Amino acid sequence: MNINGVQIDATFAEAFPMRATRVIITAQNLKWAYHAAQAMTGFATSVIACGCEAGIERELEPSETPDGRPGIAALIFAMGGKTLAKQVETRAGQCVLTSPTSALFAGIREGDKIPLGKNLRFFGDGFQIAKRIGGKRYWRVPVMDGEFLCEDTTCTVKAVGGGNFLILAESQPQALAACEAAIDAMKKIPNVIMPFPGGVVRSGSKVGSKYKALSASTNDAFCPTLKGQTKTDLSPEIESVMEIVIDGLTDEDIKKAMRVGIEAACGLGAENGIRRISAGNYGGKLGPFLFHLQEIMA
Amino acid sequence: MTALTFTLKAELKQRVDVSPLIPDRLADRASDEIGAELLQYGNRQVRADELFSIEGQGSDRLVFRGNGKLDYVGRGMSRGEILIEGDAGSYLGMQLRGGRIEVSGSVDAYAACEMKNGEILIRGNAGDFVGACLPGNKKGMAGGVVIIKGNAGDRVGDHLRRGAILIEGDAGSYLGSRMTAGTIAVLGKVGDHLGYAMNRGTVLLAQMPGFVPSTFNDCGTHTLGFIPLLLKGFEGLDTRFSEMSDTLKRVRRYAGDMCGLGKGEILVAV
């Protein structure tokens with residue numbers, strides 16, 4: 001398959017099941033909602049060492065938020081419900097409770113409940129106040145800038161993590177330009193996040209390592225500087241490879257995001273040095289979700 | 001939906017307990033069975049069809065052509081709707097578990113007493129002890145919403161535990177006395193001894209009371225994010241409070257009653 005001179009490999013991305021939740025962070029203005037949301041979703045690129053994968057899903061208009069203020073929707077993914085609960089609680093406590101003017105609400109209301117403000121309330125040292133509004137429980141925790149308003153619980157749902165595709169280009173700037181175009185398009189798709197910095201990973205990994213302590217190591221088959229040193233998957237003209245990883249609430253959401261992302265990258269075409277689109281997989285052994293590139297782009 | 005309508009055949013000489021006449025019991029009943037329901041009328045029991053002419057089929061929607069001597073309307077009901085054209089007596093919606101009661105006139109004491117859930121709308125005035133508990137009990141209203149378009153009597157929300165009482169007129173003395181939690185909001189004036197022995201909960205006032213009890217301490221003026229959320233939560237209900245979510249945000253906060261637990265609050269709009 002070839003789109004605008006860009007070869008689409010006959011391969012597939014391999015993804016695995018995760019648990020996810022959405023939280024809504026509001027603040028006096030969007031600037032401070034972003035500060036809280038960026039802190040909460042910071043250091044959350046990969047479950048390998050961060051505990052969770054998180055990212056900002058989209059901005060919310062005041063009319064879309066529970067308290068009528070500007071807000072941000074963030075998605076948080078982890079390998080299991082308990083890990084997710086722990087990550088949500090610690091991140092909410094350290095990053096949102098602490099952020100001026102912020103309030104925190106559940107963004108998913110069906111599924112297994114996990115605490116949101118349920119334990120953070122104890123920060124109020126007995127001065128916290130519960131309010132049941134419209135069948136939902138909220139906590140008013142007195143803080144130095146006024147009150148931190150936080151919903152008691154949020155819900156977790158089954159989700160999919162690790163959808164991905166690789167962009168192979170003739171130069172590093174060209175690969176990055178294609179990634180930026182892809183991310184701009186993918187950010188418009190609901191229910192997905194691209195958890196890596198700017199949505200792009202330059203250090204794709206393979207399973208295992210020559211070092212026993214490491215479970216993952218550099219994907220040498222796609223490292224352009226190793227073309228003559230290892231069993232490479234790159235042709236001579238490829239000088240840079242970048243990956244976009246996608247976590248989504250469903251596999252359909254990931255497929256949509258992959259499609260618009262690959263379309264945007266291919267939009268730059270061979271004349272801008274974009275030569276191939278591939279994907280990372282582990283021979284179908286890692287997870288039950290297989291995203292065949294050519295099927296998605298058909 | 002067709003309604004089951006109860007119209008009094010003659011002026012009542014005694015008070016009547018109409019608590020058996022709720023949708024939970026009557027929805028699937030035939031007309032003659034409904035007429036045979038026994039009601040406590042003064043010191044004796046009478047058939048429902050002795051007091052009322054009954055029109056319509058068994059339904060989730062009941063209509064009473066009201067009278068101030070009809071007590072315990074909707075007691076313990078969990079679903080459906082009761083409409084009262086005119087006034088009702090005491091204990092309206094006592095121990096209500098769900099559904100909706102609307103009164104076009106006024107009601108007597110103990111409306112929403114020990115109510116658990118559901119909605120009560122009183123277009124006229126309400127008597128004393130709205131949302132309270134029976135004398136000797138300690139657990140008042142524990143959920144749901146009561147809207148009073150007119151004025152309310154004394155001791156509204158006595159021992160209130162959860163839920164909201166929204167008064168668009170004035171409220172009497174001892175408003176929110178002995179509250180455990182929950183919310184009372186008043187657009188009009190309030191009487192003396194506001195929040196007497198209040199432990200927790202919120203009394204939200206649209207105007208400054210005559211005086212704030214000396215056992216409530218001034219915590220200053222604040223813009224509280226939960227107020228618009230609370231008021232937005234009343235959207236869909238027939239209350240002026242739901243329209244105030246854009247305007248009522250900034251309040252003066254008084255904490256008390258410091259003679260008790262002291263974790264209640266009186267919020268006065270500024």
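These legends describe close-up views of a predicted model.

**View 1. The largest nonpolar core.**
This core holds 59 residues. Six of them touch the most other members: B:Phe52, B:Phe64, B:Leu92, B:Ile165, B:Ile167 and B:Leu175. Strand β1 of chain B, residues 4-8, gives the core its largest share, three residues.

**View 2. The surroundings of B:Leu92.**
Here the focus is B:Leu92, one of the residues that touch the most other members of the largest nonpolar core. Residues up to four places away in sequence are not counted in this view. B:Leu92 then touches B:Val73, B:Ile84, B:Ile101, B:Val103 and B:Val107, among others. Its contacts also include B:Tyr110, B:Ala111, B:Ala112 and B:Cys113. B:Ile120 and B:Ile122 are on the list as well.

**View 3. Helices α3 and α4 of chain A.**
Helix α3 covers residues 172-186 and helix α4 covers residues 251-268. Their axes come within 8 Å and cross at roughly 140°. An angle over 145 degrees would count as roughly antiparallel. The two helices are therefore oblique to each other. Their crossing is right-handed. From α3(A), the residues in the contact are A:Ala177, A:Ala178, A:Ala181, A:Ala182, A:Ala185 and A:Met186. From α4(A), they are A:Ala257, A:Val260, A:Gly261, A:Ala264, A:Ala265 and A:Leu268. By class, the contact has 11 nonpolar residues, one polar residue and no charged residues.

**View 4. A:Val260 in helix α4 of chain A.**
A:Val260 sits in helix α4 of chain A. Is A:Val260 buried or partly exposed? Its relative accessibility is 22%, so A:Val260 counts as partly exposed. Leaving out residues up to four places away in sequence, A:Val260 touches A:Ala185, A:Met186 and A:Ile189. A:Asp145 is 115 residues from A:Val260 along the chain. The C-alpha atoms of these two residues are separated by 42 Å.

**View 5. A:Val143 in strand β9 of chain A.**
Strand β9 of chain A runs over residues 136-143 and contains A:Val143. With 22% relative accessibility, A:Val143 counts as partly exposed. Which residues does A:Val143 contact, leaving aside its neighbours within four places in sequence? They are A:Leu97, A:Phe123 and A:Phe148. A:Thr98 is 45 residues from A:Val143 in sequence. In space, A:Thr98 and A:Val143 are 8.8 Å apart, C-alpha to C-alpha.

A:Thr101 is not a glycine, yet its phi is positive, near 65°. It lies in the loop between α2 (81-96) and β6 (103-106) of chain A. A:Thr101 has 22% relative accessibility, so A:Thr101 counts as partly exposed. B:Ala197 is also a residue other than glycine with a positive phi, near 60°. Look for B:Ala197 in the loop between β13 (183-186) and β14 (202-205) of chain B. B:Ala197 has a relative accessible area of 27% and is partly exposed.

**View 6. A cis peptide bond in chain B.**
The peptide bond from B:Gly256 to B:Asp257 is cis. Its omega is near -5°. Where is B:Asp257 placed? B:Asp257 is in the loop between β16 (250-256) and β17 (264-269) of chain B.

Technical notes:
Residues are numbered from 1 along each chain as its sequence is written. Chains are lettered from A and ligands numbered from 1 in the order in which they are written. This is a predicted model: local features need pLDDT of at least 70, side-chain atom pairs count only at pLDDT 80 or more; totals for chains, interfaces and linings use all residues. Side-chain values use heavy atoms; hydrogens and water are left out. A nonpolar core is a set of buried Ala, Val, Leu, Ile, Met, Phe, Trp, Tyr and Cys residues joined through side-chain atoms within 4.5 Å. Buried means under 20% relative accessible area, exposed over 50%, partly exposed in between (1.4 Å probe, protein chains only). Helices (H or I, at least four residues) and strands (E, at least two) are DSSP runs, numbered from the N terminus. Contact means heavy atoms within 4.5 Å. Axes are lines fitted to C-alpha atoms, for helices over the stretch in contact, and angles run from 0 to 180 degrees between N-to-C directions. Angles under 35 degrees count as roughly parallel, over 145 as roughly antiparallel, 65 to 115 as roughly perpendicular and the rest as oblique. A crossing is left-handed if the near helix is turned anticlockwise from the far one by less than a right angle, and right-handed if clockwise. Ala, Val, Leu, Ile, Met, Phe, Trp, Tyr, Cys and Pro count as nonpolar, Asp, Glu, Lys and Arg as charged, and the others, Gly among them, as polar.
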